[in-house]
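Work through the following exercises with the sequence and the coordinates at hand. Each task is followed by a stepwise solution.

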Amino acid sequence: MKRIILTGGGTAGHVTPNLALLPELYKNGFEVLYAGSLNGIEKELAAKAGIEYKGISSGKLRRYFDLKNFTDPFRVIKGYFQAKKIIKNFKPDIVFSKGGFVAVPVTMAANSLKVPVIAHESDMTPGLANKLSAPFATKICCNFPETLKYLPEGKGVLSGSPIRKEILEGSREKGLELLGFDGSRPVLLIIGGSLGAQHINEAVRRILDKILESFDIVHICGKGNVDEALIGKAGYRQFEYVSDELKDFFAAADIFISRAGANAICELLALKKPNLLIPLPAGASRGDQILNAESFEKQGFSMVLKEENMNDSSLSDSLNKLWDEREHYIEAMKASPTSNGVDVIIRLIGETVG
């Protein structure tokens, strides 16, 4: 049996693409182990997926002053030796890294033991963790054509993001039934990430009556963001968080409003769903969502509205324009060669292992 270690953590975005590979890895005869932090979200998600898990010490690599910058390097060093022990015991044929700070000691340890590493960068420009891991990787997969110029020569592969199989298997009829919509009007789904997006929530609710003239609305607004005054409003369904029903809600939706996190927009691409992206502004992130959105806009996959330009009229006008031009976006997404990265990554893993 072939063996693979999956690593990556810190946010769900560093974990779910790893989990999307599982069905094909099992089909290809791989035994899988997940190496992550001692108490990160990856531990919880791996347990739900039924994967053997090993935790290691890890630190955060900050670009700003913090007293922990003096102690975290020692945690990374400790994690490196723990990762070496895990690799020696498990004897993997390959390591697949989805990034995040915990992946750095794992990829370093794999390289020192001559175990090949394939990494994946979600965003258009590599994050600090993947920059540090790049020298230890045989190949680095990415979602955006622009990313290739930032990667070491000969290592970059335009793969797209691994998409969870279940997200592609939703039922429009079931979704409409669960939502209580009759399907006579187009469905707009608004999603702002795992915690919602407060500015988007507020902007949508300010013009809610106007939007409801044209659309039924599914609003995944984040924990604590349900507006009790709007519960029961005709054509409007709001949820803090959606799990098992998400695939059916996605299938029922005709157009989307979304932040521009790499995994979220790659799912929209795989689903061929016209979308309005409102990326996190630069002050709230390292600017990766803005670059992601610009790339998707350039490729014809998305319409983009910057948060600083978002007001009642611009949001309403953008939604109407998106609906009117939806077929243009669908055709562009159908022509994309990178709608789901699972097949490309599994092929690379197979070629590397031999």
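**Exercise 1.** Is lysine 155 buried or exposed, and which side chain of opposite charge is nearest?

*Solution.* The model is predicted: local features need pLDDT of at least 70, side-chain atom pairs count only at pLDDT 80 or more, and totals for chains, interfaces and linings use all residues. Residues are numbered from 1 along each chain as its sequence is written, and side-chain values use heavy atoms, without hydrogens and water.

Step 1. Lysine 155 is buried, where buried means under 20% relative accessible area, exposed over 50% and partly exposed in between (1.4 Å probe, protein chains only).

Step 2. The nearest side chain of opposite charge is glutamate 153, 12 Å away, and lysine 155 has no salt bridge (a side-chain nitrogen of Lys or Arg within 4 Å of a carboxyl oxygen of Asp or Glu). Lys and Arg count as positive, Asp and Glu as negative; His and the chain ends are not counted.

Step 3. A polar atom of the lysine 155 side chain lies 2.8 Å from the backbone oxygen of alanine 137.

**Exercise 2.** Classify the exposure of phenylalanine 74 and glutamate 294.

*Solution.* Step 1. Phenylalanine 74 belongs to helix H4 (residues 72-90); this residue is exposed because its relative accessible area is 59%.

Step 1. Glutamate 294, in helix H12 (residues 288-298), has a relative accessible area of 35% and is therefore partly exposed.

Note on methods
Helices (H or I, at least four residues) and strands (E, at least two) are DSSP runs, numbered from the N terminus. A polar contact is a pair of N or O atoms within 3.5 Å; within protein, one must be able to donate a hydrogen and the other to accept it, and residues adjacent in sequence count only if both atoms are side-chain atoms.
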